[in-house]
Amino acid sequence: MIDLRSDTVTKPSPEMLDSMMRAEVGDDVFNEDPSINALQVKACELFGMEAALFCPSGTMTNQIAIATHVGNLEEIILEKDSHIYQYEGGGIFHNSRASVKLLDGKSGKITAKQIRDAINPDDIHKPISRLVSLENTTNRGGGETYSLSELKEILEVVRQNNLKLHLDGARVFNAIVEEDYTPKDLGAIFDSISICLSKGLGAPVGSLLLGDKEFIAKSKRLRKVLGGGMRQAGFLAQAGIYALDNNIERLKDDHQLAKDIGELLTKFNFIEKVIPVRTNIIIFHLDEDVNPQDFLEYLKSKNILAVHFGGQAIRFVTHLDLEGDILSEINKVLSEFN
């Protein structure tokens, strides 16, 4: 089976499992799990930030960050296709009772000018603009990345207007290996960063929230309320340590495979267009005469899994669990589609 639905389908490698089974553990709610503590310190050092918090999922880290930064009668500015708006179950309102201002970006990205224009005036008829959230890489935007210059321009607008800046970095390491910046560059820009360990990095579970000490102290209270205190979770944290030590640079392999698949897709006349591939996400649009569900069923019958991405769009995602001559198999299967 070639599973291209998401990089979340990855399973721990034998080496990662061995590392997990040798983890030291304790009660993390008492701050006594050495593996979790070590993972949090490693992430802080990597991004140059003061504190970190290990959580079960990226949805939890994003929702905790929003609830810590934003309150009632306040507003978050974000791109309309952002994961935290589209795929987190309405959590912004449920957890924070905050308003949202959705911007129509390009490939999931928004600009400094769009943000400046979206900031509300001091007017009792409007919520108080409090937080800007960016996604890097962009999911629905096809794995697009922000450049360092774009981020610095946004930071200038944010600071000038006394706002906070959050990064949904579910696939931030995909951006880092593709762009010309380091984790520390990002740590110097954002007030909070959410990073996911269970996508391209290959860990089975877990995300980290990073910020200053005061922010993380408040966030830890919210994690408790949301049921995120996991006791002896060091076995999972050790997987994250292994992932950060071993699986960042190899993301370039996923990117190259995705670009090769994207190029291959352009040769089939039943595919109307392929969104330019930047990292490990491939989004392509079927011709209007092709039923997307029928297409997915055909792929499944040939042992290829993918997801419908709305309208005529289909998404493939490459990851470390893909083995063998993937290109040849995809070419063979698509060549037989009619």
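Reader: Which order do the strands take in the open sheet of seven strands?

Author: Let me begin with the general idea. Strands of a sheet pair through backbone hydrogen bonds, either parallel or antiparallel. This is a predicted model, and in it the seven strands of the open sheet follow the order β2-β8-β7-β6-β5-β3-β4, with mixed pairing.

Reader: Which strands stand at the edges?

Author: Those are β2 (51-55) and β4 (99-103). Each has a single partner strand, so one side of each is left without a neighbour in the sheet. From one strand to the next, the twist averages 20 degrees.

Reader: In which sense do β3 and β5 pair, and over how many bridges?

Author: Strand β3 (residues 74-79) pairs with strand β5 (residues 128-135) in the parallel sense, over four bridges.

Reader: What is the strand order in the open sheet of four strands?

Author: The order is β9-β10-β13-β12, and the pairing is antiparallel. At the edges are β9 and β12 (307-308), each pairing on one side only.

Reader: How many residues are in the hairpin that joins β9 to β10?

Author: The hairpin runs through six residues. Strand β9 (residues 271-274) and strand β10 (residues 281-286) pair in the antiparallel sense over three bridges, and Ile 271 has Leu 286 in β10 as its bridge partner. On to the next pair: β10 and strand β13 (residues 313-317) run antiparallel and are joined by five bridges. There, Ile 282 stands opposite Phe 316 in β13. Helix α12 packs on this sheet, touching β9, β10 and β13, and its direction makes about 15 degrees with that of β10.

Reader: How do I read helix packing? At what angle do α12 and α14 cross?

Author: Two packed helices are described by the angle between their axes and the distance between the axes. The axes of α12 (residues 251-265) and α14 (residues 326-335) cross at roughly 25 degrees and come within 10 Å. Angles under 35 degrees count as roughly parallel, and α12 and α14 are therefore roughly parallel to each other. The crossing is right-handed. The contact is made by Leu 257, Asp 260, Ile 261, Leu 264 and Leu 265 of α12 with Ile 326, Leu 327, Ile 330, Asn 331 and Leu 334 of α14.

Reader: And at what angle do α1 and α11 cross?

Author: The axes of helix α1 (residues 14-21) and helix α11 (residues 234-246) cross at roughly 135 degrees and come within 8 Å. That makes α1 oblique to α11. The crossing of α1 and α11 is right-handed. Where they meet, α1 brings Glu 15, Met 16, Ser 19 and Met 20, while α11 brings residues including Phe 235, Leu 236, Gln 238 and Tyr 242.

Reader: Is Gln 238 buried or exposed?

Author: Gln 238 is buried, with a relative accessible area of 17%; the cut-off for buried is under 20%. Apart from neighbours within four places in sequence, Gln 238 is in contact with Ser 19, Met 20, Ala 23 and Ser 35.

Reader: What about Leu 73: buried or exposed?

Author: Leu 73 is exposed, with a relative accessible area of 69%. You will find Leu 73 in the loop between α3 (58-69) and β3. Setting aside neighbours within four places in sequence, Leu 73 is in contact with Arg 97, Pro 127 and Ile 128.

Conventions
Residues are numbered from 1 along each chain as its sequence is written. This is a predicted model: local features need pLDDT of at least 70, side-chain atom pairs count only at pLDDT 80 or more; totals for chains, interfaces and linings use all residues. Side-chain values use heavy atoms; hydrogens and water are left out. Two strands pair if DSSP finds at least two bridges between them. Helices (H or I, at least four residues) and strands (E, at least two) are DSSP runs, numbered from the N terminus. Axes are lines fitted to C-alpha atoms, for helices over the stretch in contact, and angles run from 0 to 180 degrees between N-to-C directions. Angles under 35 degrees count as roughly parallel, over 145 as roughly antiparallel, 65 to 115 as roughly perpendicular and the rest as oblique. A crossing is left-handed if the near helix is turned anticlockwise from the far one by less than a right angle, and right-handed if clockwise. Contact means heavy atoms within 4.5 Å. Buried means under 20% relative accessible area, exposed over 50%, partly exposed in between (1.4 Å probe, protein chains only).
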